[in-house]
Each structure stands twice: as structure tokens, then as C-alpha cells.
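Visitor: I would like to go through this structure by asking what lies behind each term that is used for it. Please set the values against the definitions as we go.

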Amino acid sequence: MGGEAQNSSRFPPFILAGLPGLETSQHWLFLLLGVLYTISIAGNALILFIIKEEQSLHQPMYYFLSLLSGNDLGVSFSTLPTVLAVFCFQLREISFNSCMSQMFFIHLFSFMESGILLAMSFDRYVAICNPLRYSTVLTDARVVWMGVCVFLRSFCMVFPLPFLLKRLPFCKANVLSHAYCLHPDLIRLPCGDITINNIFGLFIVISTFGFDSALILLSYVLILRSVLAIASLEERFKTLNTCVSHLCAVLIFYVPMVGVSMAARYGRHAPSYVHTLLSLVYLFVPPMLNPVIYSIKTKEIRRRLCKILLETKF
């Protein structure tokens with residue numbers, strides 16, 4: 001009993017936050033977030049179903065898309081329990097271990113999304129710059145291997161974070177800035193020396209987001225160089241059109257992430273709701289828009305989706 005009391009005092013629960021200044025409108029806000037969750041979960045589940053059922057989509061580009069949709073489902077389900085508790089039931093308290101678990105999964109899926117987008121950029125590079133070798137370079141086994149590597153890298157990067165936080169004493173008011181647990185938010189709360197945590201956090205950000213974004217940029221520089229070598233203007237646009245969906249996915253993932261990072265570092269005097277809104281955009285917009293973008297831009301997915309909707313209607 002004494003050990004349990006000591007452990008609970010060392011790791012007290014955290015208090016989650018909604019949107020500051022909108023406490024009286026939390027139920028309306030949950031309706032909005034509920035719509036976003038519904039679009040995200042239903043859209044990504046449909047993408048997975050369509051890719052599974054449509055034989056013409058059994059190729060590397062759509063295998064990577066299915067990984068992206070599965071990952072986006074993971075992002076949505078990682079934040080759903082606490083967002084539901086805060087905005088619908090006004091339950092703001094979360095235990096230390098539950099908070100660590102949620103933080104682990106949110107960041108795991110974020111790092112995985114970056115890796116999947118990098119793999120998709122490699123797919124576009126091979127398809128455009130080396131089309132004759134596409135089927136031999138991106139075999140089914142190699143796609144699986146790339147997916148496993150993305151998962152293992154992300155897992156190894158995120159796994160130490162909860163343990164690095166657990167070694168620190170928490171003696172401040174454990175009030176978080178969001179309705180879910182994020183490492184940049186948690187790292188502000190311990191009283192001890194957080195130098196190791198900051199160094200490791202910077203290392204994993206550079207070695208994942210920094211490394212991936214640099215390689216994605218390089219792949220598109222090479223793709224653009226290859227496209228400009230095509231004589232026909234019509235063929236150039238046709239070739240570049242195959243990259244539009246992926247480019248949109250990259251932008252809607254990295255732009256909000258950069259916004260959150262810049263606000264955390266340089267916007268400390270900004271109103272607290274700015275940080276909360278940016279984090280909501282970062283975690284809610286990519287899972288919601290990715291299936292919409294690919295449904296609009298991919299003819300096979302659009303056709304199968306229309307067929308499903310017609311069958312449902314009649």
C-alpha cells in the first residue's frame with residue numbers, strides 16, 4: 001500500500017485541456033470534431049476496403065496508400081478516447097501511464113506517416129524516372145520490407161520517450177495544453193534536468209521528419225528534372241498529374257507540423273488557443289483529407305466509391 005501511494009505521488013495524473021475560452025461551447029466543438037472523426041475513419045476504412053476488393057489496385061502505389069490509410073486510422077483512434085472524454089463528458093483527468101501510452105501511439109503514427117510519405121515519394125520517383133524497372137524494383141516483398149522498416153524505425157525512435165519522462169520528478173501543476181498527450185507538452189512539466197530529453201527529442205525529429213522531408217524534396221527535384229526532359233507539354237502535365245495526390249498529402253502533413261513546431265519555439269506569448277488549434281489541425285486534417293484527395297484524384301477509387309454509394313442508396 002505504501003509503495004502504491006509513493007508511486008501515485010511520484011506520477012500524479014494529468015489534467016487535459018479543451019479550447020481555452022470556449023469551455024461553454026465544448027459540446028458544439030465535439031460535434032465538429034465528431035464530424036472530422038467520422039470523415040477520417042469512414043474515409044480511410046473505405047480506401048482500405050476498395051484497395052482490397054479492386055484487383056486493378058493491387059500494385060505498389062496503392063499498397064503504400066493502404067499503409068497511409070491504416071496509419072491515419074491509427075492517428076484517429078489514438079486521440080479519440082481523450083477528445084471524447086474532454087469535449088463530450090467533461091472528464092479531464094488522465095493517469096500517468098495512460099498519458100504515456102497515448103503519447104507513444106500518437107508520435108509512433110506521426111513518425112510512421114512521415115516514413116510512408118517518403119516511401120510513396122520513392123514509388124513516384126521509380127515510376128517516372130525508371131518506369132521500365134518499376135516492376136522489378138518495387139516487388140511485393142520489397143513493399144512489405146519497406147513497410148516493416150518504417151514501423152521499426154518509428155518504434156525505436158518513440159520507445160524511449162516514456163522511460164525518459166518516467167525518470168524525472170513531476171512537481172508542477174500537471175495541466176496539459178491539449179485534449180491529448182504530446183511529448184512537447186509533457187516535457188514542460190518535470191522539475192528535473194530535461195537536457196537528455198531535449199537532445200533526444202531533437203535527434204528523433206531531425207532523423208525522421210528532417211531526413212524524410214529532405215529525401216522527399218530530393219526525389220521531386222529528380223522527378224521534375226526527368227519531366228522537363230519530356231518533349232511534349234501534354235505528356236509533362238500527364239506525368240506530373242500522377243504526383244498531385246502525393247504532393248497534397250505531403251503538404252497537409254508537413255505544413256501543420258512546421259506550424260506547431262514554430263509556434264512551440266517562437267510563439268510562447270501567443271494566446272493558448274493558437275497552440276491548441278494548430279495541434280488540432282496537425283492531428284485532424286491529414287487523416288481527414290488524405291482519403292478525400294485520393295478519392296478525387298484516383299479514377300479507380302472514385303469509380304468503386306460511386307458504385308458502393310449507388311448500391312447503398314438502392
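Visitor: What makes Arg153 and Asp212 a salt bridge?

Guide: A salt bridge is a side-chain nitrogen of Lys or Arg within 4 Å of a carboxyl oxygen of Asp or Glu, and the closest N and O atoms of Arg153 and Asp212 are 2.7 Å apart, so the pair meets the definition. Arg153 lies in helix α6 (residues 140–158) and Asp212 in helix α9 (residues 195–228), so the pair ties together parts that are 59 residues apart in sequence. Helices here are DSSP runs (H or I, at least four residues; strands are E, at least two), numbered from the N terminus. This is a predicted model, in which local features need pLDDT of at least 70 and side-chain atom pairs count only at pLDDT 80 or more, while totals for chains, interfaces and linings use all residues. Residues are numbered from 1 along each chain as its sequence is written, and side-chain values use heavy atoms, with hydrogens and water left out.

Visitor: Why is Asp212 called buried?

Guide: Buried means under 20% relative accessible area, exposed means over 50%, and partly exposed is in between (1.4 Å probe, protein chains only). Asp212 has 0% relative accessibility and therefore counts as buried, whereas Arg153, at 22%, counts as partly exposed.

Visitor: How many salt bridges does a search of the whole structure find, and which other pairs are among them?

Guide: The search finds five, including the one between Asp185 and Arg188, with 2.5 Å from N to O, and the one between Lys52 and Glu53, whose closest N and O atoms are 3.2 Å apart. Asp185 is buried at 4% relative accessibility, while Arg188 is partly exposed at 42%. In the other pair, Lys52 is exposed, with a relative accessible area of 58%, and Glu53 is partly exposed at 33%.

Visitor: Why is α3 described as largely enclosed by the rest of the structure?

Guide: Of its 30 residues, 21 are buried, so α3 is largely enclosed by the rest of the structure. The helix is followed by Gln90, whose phi is positive, near 60 degrees.

Visitor: What makes Val35, Ile39, Val292 and Ile296 a nonpolar patch?

Guide: Patches are made of residues with over 30% relative accessible area and no salt bridge, where nonpolar side chains (Val, Leu, Ile, Met, Phe, Trp, Tyr) are joined within 5 Å and like charges within 9 Å. Ile296, found in helix α12, is exposed at 54%. Together the four residues have about 310 Å² of accessible area, from the Shrake-Rupley method with a 1.4 Å probe, where only the protein chains shown count as cover for residues. α2 (26–53) and α12 (272–297) each supply at least two residues of the patch.
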